[in-house]
Amino acid sequence: SCDASQLCNCSSMGLEFIPPGLTAKITVLNLAHNRIKHIQSQDLQQAVNLRALLLQSNEISSIDEDSFQSLERLELLDLSNNSLAHLSPVWFGHLFSLQHLHLQGNSYRDLGQSSPFSSLRNLSSLHLGNPQFSVIRQGNFEGIEFLHKLWIDGSNLSQYEQGSLKSIKQINHMIINLRNSNIFSEIVRELVHSVAWLEVAEIELPVEKQSFVQNSTRPFRIEKLTFKEALFTDESISRAIVSLKEITSLKELQAINCVLEGKGRWDTTEIARSGQSFVETIIIIKAVIQNFHLFFDLEGMESQVNKLKRLTIASSNVFMVPCKLARNFSSLLYLDFHDNLLVNKRLDETICERSWPSLQTLNLSQNSLKSLELTAKYISRLPNLNNLDISLNNFGEIPDGCKWPKHLKYLNLSSTQIPKVTRCIPETLEVLDVSGNNLKEFGLQLPSLKELYLTRNQLKTLPGATPILNLVSLSVRRNKLNSFSKEEFESFRRMELLDASDNNFICSCEFLSFVHHEARLAQVLVGWPDKYVCDSPLAVRGAQVGAVRLSLMECHRSLVVSLICILVFLVILLLVAVGYKYHVVWYLRMTWAWLQAKRKPKRAPPKDVCYDAFVSYSENDSEWVESTMVRELEQACPPFRLCLHKRDFVPGKWIMDNIIDSIEKSRKTLFVLSEHFVQSEWCKYELDFSHFRLFDENNDAAILILLEPIQSKAIPKRFCKLRKIMNTKTYLEWP
């Protein structure tokens, strides 16, 4: 179960004991979520280089005292959520390098009579406590001087000996679950000098009569106090405000998921008499005020807010702030009212004239604002406002013009259902977010704009660069962008970041060529190459744009088709030329004629026989044929009627038709054989196509006359039937 870095994961394997065979190579051993009950001395003896040991969520109830003796390099030990009924200092005696120790979720009720952690000089974070944990004694934390984080589950803590946590000189962040309000006061008094950030959960805030800094000397260290899931009343809040003023180092107060049982009837007289608060930041998230609509307007608290610099009240059903109170936030720079119930009518009261005079950042997102024009009008009363977030309000419409603060630089209009962008958006902006509005185009003239966010719209192309020449960062993620060209990209001369991820890119040859040859693209594109995927062509759908290479045919289809057409044309031209030179057309016509002849009856009717013989001869032998043979035969007694091509062929009729018709109308065919005959193309045609029919009939229609001696080798192989006749039948010789 170990990887190359010797991290061994044996979690959730149903183990009932630590597996044997652990070696010095192992650096991380995860045995969480098993059924281990006991850790023995020899189990971890060889794992001397172990850095992290995770044993949480087992059933460990006992550990041999020297079980961790060899783990001097161990930095993280997690024994949380087991069944340890007590903690022994001997377990941790040799863990000199330990930085993180998790012991919460066991069944021990206390930490013993002394400190279990006295030898852990390098400890940085400590988690302890459980629902049964009830006692913290003096000396339990001896040996620990510094902690980055201390987490104590003391939800049922009932006894705290004074000075128990004073031994820790410095704690950056302490979290404690605590229901006992008396112990809370004691702990706060002890920790004002050591803790920087104190976080208290599940407390029911007491009505504290004594001072938190009673008998304490300055300087105090605590700067931040957080309440989570706490319960307040009007009286306890009034006393807490007065008491916390005495902690002059306290700069930030937080209340998260807290409940106020009251209507805001605070003792403003006593609060005002107690002097000025030093708190600069107040954060209230998900405060529950029963019958919040009956809550008082906090009249009399005006003097307590003029030093406040940052205020957040989120998800708490705020529907207005009285104008009188708003005008006293003279030092407030940051105001966050997101996820509340503010409407345009109440906004006129909340942001009245001369209210929030120093405000620079305002967050009104996720409220119930409906009119962008009225919202802009009221917000224009804030002369120093730079940053405005009014996202997640359902404006629906956007006017052609709006009045805004003169120095507004950041505007968030995302998810506000505006159908387009108009000159209502101020030209002073440096950052504009109009994401999630189904915009189809963006063409505003914003010369100072540096960042533009157009995520989740319907843009098909990048916005034009001319109206936004100084743009440094552009986000067009999740639009309908198919591609972008080199010209579009280079038009943004100052572009440093472009997020065009999660679009359906058409991986055309032009787009891919630009992507592969633009060296600066990889430095500018956010999420490159993982978030840039082809949607088409179908063959590369789902592939990363940067990895796709299309073939020559896919990229230059028209060129390839043109070349193929040219090539086919040239081949046809070549075939025509070759056919012309070698009479291919004539051969084809001869073949057609031969096929037609084959389909005719093998013998012509007797009434159609007009000649005694058809004479086949070479033109070079015509003198002998015409002057000797024809004269002898036609003047014989009785005379023979011969068919000669010069004399008897029908004018205008195709030669082959003349030959075939003449042979069919003749009783015999005379072949005048000579060297000229076997070399003559015409004689070849006659033998190949016309006389072939005569030979197929196996009769004596052919008469051979050998005009001169012919060597057998001189007869072409194609004249195989001629050879056969000459070898098997008698032929005449001249003279």
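View 1. Helices (H or I, at least four residues) and strands (E, at least two) are DSSP runs, numbered from the N terminus. Please keep in mind that this is a predicted model, where local features need pLDDT of at least 70, side-chain atom pairs count only at pLDDT 80 or more, and totals for chains, interfaces and linings use all residues. Residues are numbered from 1 along each chain as its sequence is written, and side-chain values use heavy atoms, with hydrogens and water left out.

**View 2. At the centre of the largest pocket.** The space here comes to about 1,400 Å³, the volume filled by probe spheres set on grid points joined across faces, edges and corners. Of the 50 lining residues, Trp-266, Ile-282, Ile-284, Leu-298 and Ile-313 are the closest to the centre. A pocket is an open set of points on a 1 Å grid over the protein atoms alone, where a 1.4 Å probe fits, with protein on both sides within 12 Å along at least five of seven lines; lining residues have an atom within 4 Å of a point.

**View 3. Strand 18 pairs with strands 16 and 20.** Strand 18 (residues 281-285) runs parallel to strand 16 (residues 252-256), joined by five bridges, with Ile-285 as the partner of Ile-256. Five bridges also join strand 18 to the parallel strand 20 (residues 310-314), where Arg-310 stands opposite Thr-281. Strands pair if DSSP finds at least two bridges between them.
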